[in-house]
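Have a look at the model first, then we'll go through it topic by topic.

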Amino acid sequence: MIAKGKLFVVSAPSGSGKSTLIKALLKDKRVHNLVYAVSHTSRRPRPGEIDGEDYVFVSPEDFRAMIVNGEFLEWTKTYDYYYGTSAKRIMLQLDYGYNVITDVDVVGAKAIRDLFPEAILIFISVPSFKILKERLSRRATETLKDEEKRLAKARSEVAEIEVFDFLIVNDDMEKALSELVEVINTGEGPRAPSKEELWEEFFKC
Ligand code: ADP
Ligand code: 5GP
């Protein structure tokens, strides 16, 4: 009998460096047996994003058909686009004994925790709201309107920190990566603080 793998769920305000960190983690030699659960989305690919690797990019019509067919473990509509986790894909990966990492919003993280109470929930943050704004505008992949929507969502996501087991602050990338590696390999790392503590840190400058 193959042992079931562990499920790691990562959420972060958009622009905090979550995709960059997850990509580095998947290549990191300190980590073994970890695979990424590729989500489906109806948003367009950003420059450099690869279909089937970063997301499976589908039309809104195809996404809605998948919802009707019950193909998602969880799904959400945010920033006017659909995002969802394929049930079949993730269950197969876990059943084969892989450790799986998935990148979802806070709504998705809560839905996954309800389905998999043993899942490990990791929140990635930036040191401050100001830095988040700078990173989003430096990335320059969103229109100003989309950027504002992402910043508004960041405020509400930070307020949900208490759902998470761990908080990794992505200030120095190498440090954040090492903390992520530690959580994956040992189940230990920087514990999530209270909502008030994170809120104060995040908006202090
Ligand atoms: P997310 O997936 O959370 O939306 P990205 O991984 O696309 O965010 O990162 C947003 C931007 O911030 C990118 O331009 C990325 O290169 C940059 N970035 C990521 N981590 C850091 C860091 N530790 N320091 C400075 N810039 C970073
Ligand atoms: P982006 O457009 O920046 O790639 O992602 C926008 C948001 O959608 C991020 O918060 C990301 O974590 C979330 N997201 C990506 N895939 C999924 C998914 O399968 N389910 C849910 N609930 N959220 C997702």
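The lining of the largest pocket splits into twelve nonpolar, 13 polar and 17 charged residues; here Ala, Val, Leu, Ile, Met, Phe, Trp, Tyr, Cys and Pro count as nonpolar, Asp, Glu, Lys and Arg as charged, and the others, Gly among them, as polar. This is a predicted model, where local features need pLDDT of at least 70, side-chain atom pairs count only at pLDDT 80 or more, and totals for chains, interfaces and linings use all residues. Residues are numbered from 1 along each chain as its sequence is written, chains are lettered from A and ligands numbered from 1 in the order in which they are written, and side-chain values use heavy atoms, with hydrogens and water left out.

**The largest pocket**

- The largest pocket has a volume of about 1,000 Å³. A pocket, on a 1 Å grid over the protein atoms alone, is an open set of points where a 1.4 Å probe fits, with protein on both sides within 12 Å along at least five of seven lines; lining residues have an atom within 4 Å of a point. Grid points are joined across faces, edges and corners, and the volume is the space filled by probe spheres set on the points.
- Among its 42 lining residues, Lys 18, Ser 19, Arg 46, Tyr 55 and Asp 103 are closest to the centre.
- Helix H1 supplies the largest share of that lining, seven residues. The elements giving two or more residues are H1, strand S5 (72–78), strand S6 (81–86), H5 and helix H6 (144–158). Helices (H or I, at least four residues) and strands (E, at least two) are DSSP runs, numbered from the N terminus.

**Ligand 1**

- There are 13 residues around ligand 1, and Gly 15, Ser 19, Thr 20, Arg 139 and Asn 170 come nearest. To count as near, a residue needs a heavy atom within 4 Å of the molecule.
- The shell around ligand 1 holds two nonpolar, seven polar and four charged residues.
- H1 gives the most to this shell, with three residues.
- On the backbone side, a polar atom of Gly 17 is 3.0 Å from an oxygen atom of ligand 1, and a backbone N or O atom of Lys 18 lies 2.9 Å from a ligand 1 oxygen. Arg 139 uses its side chain instead, with a polar atom 2.7 Å from an oxygen atom of ligand 1.
- The protein covers 77% of the 570 Å² of accessible area that ligand 1 has on its own (areas from the Shrake-Rupley method with a 1.4 Å probe).

**Ligand 2**

- Around ligand 2 there are 17 residues, the closest being Lys 18, Arg 43, Tyr 55, Tyr 83 and Asp 103.
- This shell divides into four nonpolar, six polar and seven charged residues, and S6 gives the most, with three.
- Side chains reach ligand 2 oxygens from Ser 39, with a polar atom at 2.7 Å, and from Arg 150, with an N or O atom at 2.8 Å. A side-chain N or O atom of Glu 74 is 2.7 Å from a nitrogen atom of ligand 2.
- The protein covers 96% of the 510 Å² of accessible area that ligand 2 has on its own.

**The second largest pocket**

- This one holds about 150 Å³ of space.
- Its lining includes Arg 43, Arg 44, Arg 46, Tyr 81 and Arg 150, and by class it has one nonpolar, two polar and six charged residues.

Definitions and conventions:
A polar contact is a pair of N or O atoms within 3.5 Å; within protein, one must be able to donate a hydrogen and the other to accept it, and residues adjacent in sequence count only if both atoms are side-chain atoms.
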